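Notebook open. I want to look up the aromatic rings and their contacts here.

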Amino acid sequence: MDELDDVQGKYFSITDPKDVNTVIYQINRTEKEFLKTSPRYTVERLDCAVEFVGDKSKKTFFVDNPAPFGNYLAIFSFGKERVVVNMGYLDHDRVRISKKPAPLKIQTLYNEKETEYNEFAYTPNMKRQISIIDLETTEEIKPMLYFDEDANEVKGKCKLKPYKKYFAFEVRPKKIK
């Protein structure tokens, strides 16, 4: 049996113009049995392969285990002085981009002292609801995990360097009016 026969997943491509870097996160809903002790939604950055075409970059993103009814996506395009936020939906073999705003809490973090951004919880399968991205490199800041004995759960802390800008986002449930 060929190893590629075991690969499950979907992929799609986008092309970034010069000086733009797009990153995409899959939004996962937490399983019902873990909802009492975990965040309702978690985020997971999608892996991608990059191919340079002139001064543009073509990125192919991979969704390893696609949900049978589709996957919600948070799409961030980082430019020199701004971030464009879009929501998308991977349905079968195409991505649909939403025209409505999404329930994301977005924040730019900046401090002149080294700080820790902490106290975000993880689900039992080690996923979290918040992500912090370095605006210069667009790399995700990897949290340092620790076990909070009082709460009896795994939590994370991110060290933020002084004089750097970071982009943080969190997926939250819609508020019903």
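I am working on a predicted model, where local features need pLDDT of at least 70, side-chain atom pairs count only at pLDDT 80 or more, and totals for chains, interfaces and linings use all residues. Residues are numbered from 1 along each chain as its sequence is written, and side-chain values use heavy atoms, with hydrogens and water left out.

I looked up the aromatic pairs and found nine. Rings of Phe, Tyr and Trp (its six-membered ring) pair if their centres lie within 6.5 Å; planes under 30 degrees apart count as stacked, over 60 as edge-to-face and the rest as tilted.

I took F76 and F167 to begin with. Their ring centres are 5.3 Å apart and their planes stand at 70°, so I logged the pair as edge-to-face. F76 sits in strand β6 (residues 71–78) and F167 in strand β14 (residues 165–171), so this pair ties together parts 91 residues apart in sequence. Strands are DSSP runs (E, at least two residues), numbered from the N terminus.

Next I checked F78 against F167. The centres are 5.6 Å apart with planes at 90°, so this pair is edge-to-face. It links strand β6 to strand β14, 89 residues apart.

Then I checked burial (under 20% relative accessible area, 1.4 Å probe, protein chains only). F76 is buried at 0%. F167 is buried at 4%. F78 is buried at 3%.

I noted a cluster: ring pairs link Y25, F76, F78, F167 and F169.

Last entry: K157 lies over the face of Y146, 5.0 Å from the ring centre. For Lys, a charge over a ring needs NZ within 6 Å of the ring centre and within 35 degrees of the ring normal.

Conventions. Helix = DSSP H or I, 4+ residues; strand = E, 2+ residues; numbered from the N terminus. Buried < 20%, exposed > 50% of the residue type's maximum accessible area, 1.4 Å probe, protein only.
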